[in-house]
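Here's a quick briefing on a protein model, with pockets, strands and salt bridges in turn. Have a look at the structure first, then read on.

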Amino acid sequence: MKKLLALLLAMAMVLAFAGCAKTEEPVQTTAAPVETTEAPAVEPTEAAAVPTEAAEAAVMTHEEYMAAELDTAVSIETYVQGHQSWWDNKITVYCQSPDGAYFLYELACSEEDAAKLVPGTKIRVNGYKGEWAGEVEVMDGTFEFVEDGDTYIAEATDVTELLGTEELIDHQNEFVSFKGLTVEAVSYKNDEPGDDIYVTFSYNGTSFDFCVEAYLTGPDTDVYAAVGELEAGDIVDVEGFLYWYEGVNTHITAISAAE
């Protein structure tokens with residue numbers, strides 16, 4: 001009996017021990033990963049330079065000026081050779097440098113500054129390159145005097161043998177001379193003295209139209225009077241600025257009987 005009780009007691013203890021040892025299997029849970037996006041690294045950059053004032057345009061050589069496209073901004077330094085009459089705060093100036101010449105059409109100019117535009121004076125001009133009837137010019141321009149600038153007055157270049165050739169235009173706006181031209185006709189604009197004088201010359205059988213520009217050399221000048229007295233058949237030497245209007249149309253500044 002005791003053995004039976006002992007056996008039953010032992011079995012009960014085994015069962016109890018087994019029950020204590022059993023546990024629930026753990027539930028495994030996997031949390032969804034949280035994606036995080038880091039801001040991309042920003043490369044350090046230099047701060048943009050902010051100019052304190054507008055940069056000045058570079059001064060062009062005559063070659064660079066001639067190569068520039070029409071209607072583009074140009075900047076030149078050159079020397080006054082002559083100018084037309086001042087009016088309405090504008091003045092038209094004939095200029096030349098050792099490397100070429102310029103026609104400055106209606107520069108903005110005060111009357112006080114106009115009086116200072118004597119031949120040889122150096123000026124800096126900013127404007128736009130234009131063309132009218134073949135004449136290449138600076139339009140809508142402003143200018144300033146070059147302080148302590150040197151002076152330059154061009155000597156007349158004899159271009160007589162270039163009349164009627166394509167090379168003549170290479171000297172456009174320069175101070176030039178012609179020798180031994182024959183007068184064909186002389187007429188006044190509006191048919192009376194006081195305005196421009198138109199002169200037709202011939203050379204080697206070809207005719208060329210020149211002009212006494214009244215705003216440059218008006219009725220009170222010697223050249224205006226001398227041209228007004230010319231007659232067909234006179235043979236003369238001429239100096240002037242090689243202006244262009246549908247071909248050579250020199251603005252005459254001096255005339256004399258051919259030597």
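Is Asp113 buried, partly exposed or exposed? Asp113 is partly exposed, with a relative accessible area of 23%. Keep in mind that this is a predicted model. The rundown below starts with that residue's salt bridge and moves on to the strands and pockets.

**Salt bridges**

- The structure has four salt bridges, and one of them joins Asp113 to Lys116, with the closest N and O atoms 3.8 Å apart.
- Lys116, the partner of Asp113, is partly exposed too, with a relative accessible area of 41%.
- Another salt bridge brings the side chains of Lys122 and Glu77 together at 3.7 Å, N to O. That pair links distant parts of the chain, since Lys122 sits in strand 4 and Glu77 in strand 1, 45 residues apart.
- Lys122 also forms a salt bridge with Asp150, and here the closest N and O atoms are 3.7 Å apart. Lys122 lies in strand 4 and Asp150 in the loop between strand 5 and strand 6 (157-158), so this pair ties together parts 28 residues apart in sequence.
- Put together, Glu77, Lys122 and Asp150 are linked in a network of salt bridges.
- Glu77 is partly exposed at 27%, and Asp150 is partly exposed at 43%.

**Strand 1 and its partners**

- Strand 1 covers residues 73-83 and is mostly covered, with eight of its 11 residues buried.
- On the strand 4 side (residues 122-132), strand 1 runs antiparallel and is joined by seven bridges. Thr78, for one, stands opposite Ile123 in strand 4.
- Strand 1 also pairs with strand 2 in the antiparallel sense, over four bridges. His83 has Val93 of strand 2 as its bridge partner.
- The hairpin of strand 1 and strand 2 has six residues between the strands, and Asp88 there takes a positive phi near 50°.

**Phe241**

- Phe241 belongs to strand 10 (residues 235-241) and is buried, at a relative accessible area of 6%.
- Leaving out residues up to four places away in sequence, Phe241 touches a set of residues including Gln81, Gly82, Tyr94, Phe175, Leu216 and His251.
- Phe241 and Gly82 are 159 residues apart along the chain, yet their C-alpha atoms are separated by 9.1 Å.

**Largest pocket**

- The volume of the largest pocket is about 540 Å³.
- Its lining has 22 residues, and Gln84, Asp196, Glu213, Tyr243 and His251 lie nearest the centre.
- By type, the lining of the largest pocket splits into 11 nonpolar, five polar and six charged residues.
- Strand 2 (90-97), strand 3 (100-108) and strand 5 (135-145) each supply at least two lining residues, and strand 3 gives the most, with three.

**Second largest pocket**

- The second largest pocket holds about 170 Å³ of space.
- Among the residues lining the second largest pocket are His62, Tyr65, Met66, Gly100, Asp170, His171 and Glu174.
- Helix 2 (62-67) and strand 3 are the elements that give two or more residues to this lining, and helix 2 gives the most, with three.
- The lining of the second largest pocket divides into five nonpolar, five polar and two charged residues.

Technical notes: Residues are numbered from 1 along each chain as its sequence is written. This is a predicted model: local features need pLDDT of at least 70, side-chain atom pairs count only at pLDDT 80 or more; totals for chains, interfaces and linings use all residues. Side-chain values use heavy atoms; hydrogens and water are left out. On a 1 Å grid over the protein atoms alone, a cavity is a set of points where a 1.4 Å probe fits but cannot get out, and a pocket is an open set with protein on both sides within 12 Å along at least five of seven lines; lining residues have an atom within 4 Å of a point. Grid points are joined across faces, edges and corners, and a volume is the space filled by probe spheres set on the points. Ala, Val, Leu, Ile, Met, Phe, Trp, Tyr, Cys and Pro count as nonpolar, Asp, Glu, Lys and Arg as charged, and the others, Gly among them, as polar. Buried means under 20% relative accessible area, exposed over 50%, partly exposed in between (1.4 Å probe, protein chains only). Contact means heavy atoms within 4.5 Å. Two strands pair if DSSP finds at least two bridges between them.
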